[in-house]
Amino acid sequence: MVPLHDETPTEITPYVTYGLIAVNILVFFYELSLQQQGQLDAFLQDWAVVPQQLSASFAGQPSPSTVPEWITLFSSQFLHGGWLHLGGNMLFLWIFGNNVEDCLGHIKYIIFYLACGAIAVLAQWFFSMDSTIPSLGASGAIAGVMGAYILRYPKSKILTLVPLGFFLTTFRIPAVFFLGFWFVQQALYGIAGLSQQTNIGMESGGIAYWAHAGGFVVGTVLGPLLGLFDNRRSV
């Protein structure tokens with residue numbers, strides 16, 4: 001299911017959401033330039049989260065990275081592994097970010113976004129402390145945005161593109177069902193990925209499902225603490 005847009009208006013111009021999308025796109029184009037020069041792997045080793053290196057830094061051991069490992073909890077949120085990775089994340093941020101920014105305000109929203117992303121990364125790290133596979137992407141932070149959205153606007157309709165065999169159609173799905181289904185899916189894949197017999201998740205070079213599920217939960221907790229329900233209408 002692909003969300004196209006929601007039906008909840010905003011009262012502000014979501015400058016932070018626009019800025020985040022712009023920065024992610026610019027960084028991705030920089031990654032593409034490094035790929036052509038053969039320098040991308042070294043760049044990701046420095047700026048993406050490598051769980052094994054993060055574990056070593058927590059234990060006080062020296063890191064081969066040129067930057068402090070804790071910085072990667074934030075820098076990794078602006079890196080992406082391909083066009084679909086970037087496009088999917090930015091689509092979800094475009095649809096759900098503006099409403100959460102509308103509720104929290106610009107300053108608290110950027111704090112919320114970065115905090116959700118960092119804690120989401122730590123959730124994934126907890127289940128893969130010895131992994132040498134770089135973890136990157138805005139998905140954890142955006143999952144936090146989605147967690148806040150489902151609390152604030154559970155009845156908001158999401159216009160969704162749904163494949164039915166060889167045909168595509170659209171449905172207006174309440175956010176509580178669309179986002180709830182998404183969260184359950186991430187959690188189940190994360191649990192399945194704990195088994196050594198599976199071939200899904202970050203350990204196989206795929207998706208960091210625990211970052212998604214963790215970010216979503218953090219968003220449902222941190223959003224209200226930062227004023228998600230203060231002086232705003234809900235639907």
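**Chatting through a predicted fold**

Q: Let's start with Cys-103: is it buried or exposed?
A: Cys-103 is buried, since its relative accessible area is 6%. Buried means under 20% relative accessible area, exposed means over 50%, and partly exposed is in between (1.4 Å probe, protein chains only).

Q: What should I know about the model before we go on?
A: This is a predicted model, in which local features need pLDDT of at least 70 and side-chain atom pairs count only at pLDDT 80 or more, while totals for chains, interfaces and linings use all residues. Residues are numbered from 1 along each chain as its sequence is written, and side-chain values use heavy atoms, with hydrogens and water left out.

Q: Is Cys-116 buried or exposed?
A: Cys-116 counts as buried, at 0% relative accessibility.

Q: New topic: at what angle do H1 and H6 cross?
A: Roughly 40 degrees, and the axes of helix H1 (residues 15-37) and helix H6 (residues 106-126) come within 9 Å. That makes H1 oblique to H6. Angles under 35 degrees count as roughly parallel, over 145 as roughly antiparallel, 65 to 115 as roughly perpendicular, and the rest as oblique. The axes are lines fitted to C-alpha atoms, for helices over the stretch in contact, with angles from 0 to 180 degrees between N-to-C directions. Helices (H or I, at least four residues) and strands (E, at least two) are DSSP runs, numbered from the N terminus.

Q: Which residues of H1 and H6 meet?
A: From H1 there are Tyr-15, Val-16, Thr-17, Leu-20 and Asn-24, and from H6 His-106, Tyr-109, Ile-110 and Tyr-113. Contact means heavy atoms within 4.5 Å. Sorted by class, this contact has six nonpolar, three polar and no charged residues. Ala, Val, Leu, Ile, Met, Phe, Trp, Tyr, Cys and Pro count as nonpolar, Asp, Glu, Lys and Arg as charged, and the others, Gly among them, as polar.

Q: What about H1 and H2, at what angle do they pack?
A: About 135 degrees, with the axes of H1 and helix H2 (residues 40-47) 8 Å apart. H1 and H2 are therefore oblique to each other. Tyr-30, Glu-31, Leu-34 and Gln-35 of H1 make the contact with Leu-40, Phe-43 and Leu-44 of H2.

Q: Which residue forms the salt bridge with Glu-7?
A: Arg-172, and the closest N and O atoms are 2.7 Å apart. The pair links distant parts of the chain, 165 residues apart, with Glu-7 in the loop between strand E1 (2-6) and H1, and Arg-172 in strand E3 (residues 167-174). Glu-7 counts as partly exposed, at 38% relative accessibility.

Q: Last one: where is Phe-74?
A: In helix H4 (residues 72-75). Phe-74 is in contact with Leu-114 and Ala-118, leaving aside its neighbours within four places in sequence. Phe-74 and Ala-118 are 44 residues apart in sequence, yet 5.9 Å apart in space, C-alpha to C-alpha.

Methods
Salt bridge = Lys/Arg side-chain N within 4 Å of Asp/Glu carboxyl O.
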